[in-house]
Amino acid sequence: MIEARSLSKRFRDKKRGQICAVENVSFTCEPGSIYGLLGANGAGKTTTLRMLATILEPTDGTALVFGHDIVTHPEKVRSSVGFLSTATALYPRLTAQEMVEYFGRLNGLDEATLKKRIDDIFDRLDMNFFRDRRCDKLSTGMKQKTSIARTLVHDPPVMIFDEPTLGLDIMAARTIVAFIRECRQAGKTVILSTHVMSEVDKLCDVIGIIHNGSLLAEGTPRQLREKYEEKDLEEIFVKIVTAHVTAHVAPHTAAHVTAEVS
Amino acid sequence: MSARNIGIVYRKELLEAVRDRRTLISTILVPILLFPILTVGIGFVIAGLIIQADREPARIMILGGNDSPDIVSELVKSKNLIVVSKPANYVELISNKKIRAAVEIPPGLESGAGTNYPPVKIYMYSGDLKSTTAAKRIQEFFSDYRDSLARDRLTAQKLPASLLKPFDIKQQNVVSEEKVAGETVGGIISYLVIIMCLTGAMYPAMDLTAGEKERATMETILSSPISRTHLVFGKFLVVLTASLVTAALSVTSMGVSSWVFQHFQQQSSGPALHIKIGLGAVLSVFLMALPLAVMFSAGLFTIALFAKSYKEAQSYISPLMIVVVVPAIAAMLPGVELTPQLSLVPILNVSLLCKDLITGTYHWNAIALIFLSTCVYGGAAIFIAVRMFHRESVLFRS
C-alpha cells in the first residue's frame with residue numbers, strides 16, 4: 001500500500017526563484033490495484049513518483065510505502081519498491097544477466113536465491129537467448145524486458161512506473177502494459193504516471209488528476225465519468241484542468257492551457 | 001558502513017571500467033607505452049643524434065691566421081674538422097648551417113711576440129648540436145696548443161713543466177648510488193607518481209559521475225536500496241584503484257625502460273649513467289602517494305559530479321591539471337627544500353618528501369606530518385564527495 005500524506009516539493013531556481021513542483025498531495029493506492037497519476041508535462045507526476053521512490057526528499061509531508069516512511073526509512077522503502085521509468089536506463093557495459101544480478105545483490109538477495117529468481121524471471125520473460133549479451137547491444141524490446149527483470153528481481157510488493165511507455169514502439173509498449181497488469185494480478189500495489197489517456201483507460205483502477213503540482217481530482221474511471229458527465233477521459237481531464245486554471249489564473253492563460261492539453 | 005554493499009558496487013564498477021576501452025587506454029595502455037616511447041624511443045633518437053654529431057667531421061672557417069701558417073696547417077690536418085678555404089660571410093654561413101663554426105686567429109699568435117694576445121674567437125650557433133660540437137673541437141685544439149706553447153716556453157727557460165700545474169684537483173662522490181639517483185631522477189619520479197595518480201583518476205571519476213548522468217543510469221541506481229554513502233565509497237574506490245594502478249604501471253614502465261636504455265647504452269658506447277633506486281624507496285613513495293591519490297580521486301569525483309555530461313566534466317577537470325602540475329614541478333626546482341611550512345602545502349609537500357625518500361633520507365617527523373596532513377585533506381575530500389552525492393541540486397542539476 002502507498003499512502004501519500006500532504007506531499008510537497010519545492011525547488012530553488014536561480015532565475016525563477018522558488019518553484020513549487022508538488023503541493024500538498026495526498027492519496028492512497030491499495031494492493032492489487034493500479035493508481036494512475038494523470039497530468040500534462042510538468043504537472044508534478046515525476047516529482048511525486050521520485051519522492052515515493054525516495055530518489056527525491058519531500059520538502060513537506062511524507063508517505064508510507066508498504067508501511068515504511070519515505071523520510072525516515074528511505075532504504076527500507078526502496079527495498080519494497082520496483083521503480084521503472086524512461087530515465088532508468090541500463091548499464092551499457094553489463095550483460096542483461098549481470099544487470100539483474102547487480103540489482104538483486106543490492107537488494108540483499110543471497111547467491112542461491114538470486115540465481116533461482118533470475119532463472120524464473122528470464123524464463124517467464126523469454127530472456128534466455130540474450131542473457132549474456134551486453135545491454136548496449138540489446139534492442140529496445142530486450143532493454144525493456146531487462147528493465148522489468150531488474151525491477152522484479154527482489155519481488156517488490158510495490159511497483160512505481162513513471163511514464164513507462166514514453167518513446168516506445170507499439171510492441172515494446174504492449175510488453176510494459178502486460179507487465180503492469182501482471183503486477184496487479186500478483187497483488188502488488190501499482191502506481192503509474194502517464195499522459196496517455198488510452199493507457200489510463202486500459203489499466204487504471206483509480207485515477208488522480210494532477211496539475212501544477214496539485215491533485216485536482218481523484219476517483220475510479222466510473223466515478224469520474226459520473227461526476228463530470230463525460231464518457232471520454234480526455235474530456236474529463238480537460239474539464240478539470242480548465243476549471244482549475246480558470247479559477248486560479250487569468251482567462252487568456254486558461255484558454256491557452258485548454259488548447260495545450262487537448 | 002556495509003562492506004558488502006560497497007564491495008558489490010566496487011566489483012560492478014570495476015567490471016564496467018575494465019570493459020571500457022577509453023578507461024583501459026588512459027589507465028593501462030598510456031602509462032605502459034608512454035615511458036618506453038619517451039625513454040627508449042626518444043632516448044635512442046637523441047643518443048643517435050649525439051653520436052652522429054660526434055662522428056661527423058665539422059665544416060669550419062678560419063678567419064685571419066695568415067701569419068700563423070703552422071696553426072692553420074695543424075687545424076686543417078685536425079681530425080673531424082674540415083676547413084672551408086673560401087672566405088665568405090661566416091655569420092650567414094653559420095646561420096644557414098653551411099658551416100658549423102668559425103675561428104678568428106689573432107695576428108702574431110704563432111710568432112709569440114707578445115704576452116697579451118687578443119683572444120682566439122670562436123663563432124658558433126648556440127643551441128645547435130653540431131655547431132656546439134665543432135666549437136668544442138676548436139676549443140680543445142687551441143687549449144692543447146696553448147698548453148704546448150707554455151710547456152715549450154718553460155722548457156726554454158729550463159723550468160719544469162709541472163710549474164703550470166702544481167697540483168691536481170679531483171672530485172670524488174662519497175654518497176651511495178641511491179642518493180645520487182635520488183638527486184638525479186628523484187624529482188622526476190615524484191612528479192611522475194603525482195601526475196599519474198591524477199591522470200589515472202580522471203577518466204573513471206568522470207565516467208562514474210557525469211557519465212552515469214549522461215547515460216541516464218543515475219536514477220536507476222538511486223532507486224536501489226543501497227545508501228548513497230555506500231554508493232560513493234564503492235565508486236570512489238574504483239577511481240582510487242585506477243589512480244594507483246596508473247601510477248604503479250608508470251613507475252614500473254619507467255624503471256624497465258630506463259634499465260633497457262642503460263643496458264643498450266652500456267653495450268653500444270661503453271660507460272653509461274648508472275641509476276640505482278631501491279625498491280624500498282619506490283614503495284615508500286607509493287605509501288606517501290596513497291593519501292594524495294585519495295585526495296585526487298575524491299576531489300575529481302566531486303568536481304565531475306557537478307557536471308551533467310562527460311564533456312562538461314572534462315571542461316571542469318582540465319584546468320585542475322595546472323593546479324597539480326605547478327606544485328609538483330616547483331618541487332623539482334633547485335633550492336626548493338622541505339620546511340615545516342611547506343610540509344602543510346598539499347601536493348608540494350609530498351613531492352618534496354618523495355625526493356628525499358628516493359635518496360634514502362627519512363625525516364620521520366616530516367613524514368608523519370605530511371602523511372597525516374595529506375590524510376586529513378584526503379578525508380575532507382571524501383567527506384565533501386559524500387555530502388555532494390546527497391544533494392539533489394547536484395545529482396539532478398538541470
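The structure is a predicted model, in which local features need pLDDT of at least 70 and side-chain atom pairs count only at pLDDT 80 or more, whereas totals for chains, interfaces and linings use all residues. Residues are numbered from 1 along each chain as its sequence is written, while chains are lettered from A and ligands numbered from 1 in the order in which they are written.

Chain B contains 15 helices and four strands, where helices (H or I, at least four residues) and strands (E, at least two) are DSSP runs numbered from the N terminus. Its C-alpha trace spans about 100 × 45 × 40 Å along the principal axes. Of the 398 residues of chain B, 39% are buried, a residue being buried if 20 or more other C-beta atoms, placed from the backbone, lie within 10 Å of its own, exposed if 12 or fewer do, and partly exposed in between.

Between the chains, 21 residues of chain A are in contact with 18 residues of chain B, contact requiring that the C-beta atoms of two residues, placed from the backbone, lie within 7 Å. On the side of chain A that touches chain B, two or more residues come from each of helix 2 (74-79), strand 6 (81-85) and helix 3 (96-106) of chain A, and helix 3 gives the most, with four residues. This side of chain A comprises twelve nonpolar, four polar and five charged residues; Ala, Val, Leu, Ile, Met, Phe, Trp, Tyr, Cys and Pro count as nonpolar, Asp, Glu, Lys and Arg as charged, and the others, Gly among them, as polar.

Within chain A, the axes of helix 3 and helix 5 (residues 140-152) come within 8 Å and cross at roughly 20 degrees, the axes being lines fitted to C-alpha atoms over the stretch in contact, with angles from 0 to 180 degrees between N-to-C directions. Helix 3 of chain A is therefore roughly parallel to helix 5 of chain A, since angles under 35 degrees count as roughly parallel, over 145 as roughly antiparallel, 65 to 115 as roughly perpendicular and the rest as oblique. A:Ala96, A:Met99, A:Val100 and A:Phe103 of helix 3 make this contact with A:Thr146, A:Ala149 and A:Arg150 of helix 5.

In chain B, helix 10 (residues 279-306) and helix 11 (residues 310-317) pack at about 130 degrees with their axes 8 Å apart, and the two helices are therefore oblique to each other. Here B:Leu300, B:Ile303, B:Ala304 and B:Phe306 of helix 10 meet B:Ala313, B:Tyr316 and B:Ile317 of helix 11, a contact of seven nonpolar, no polar and no charged residues.

B:Gly234, found in helix 9 (residues 228-269) of chain B, counts as buried because 21 C-beta neighbours lie inside 10 Å. Not counting residues up to four places away in sequence, B:Gly234 touches B:Ile6, B:Val9, B:Tyr10 and B:Glu13.

A:Glu163, although not a glycine, has a positive phi of about 40 degrees and lies in the loop between strand 7 (158-162) and helix 6 (170-185) of chain A. B:Lys158, also not a glycine, has a positive phi of about 55 degrees and counts as exposed, with 6 C-beta neighbours inside 10 Å.
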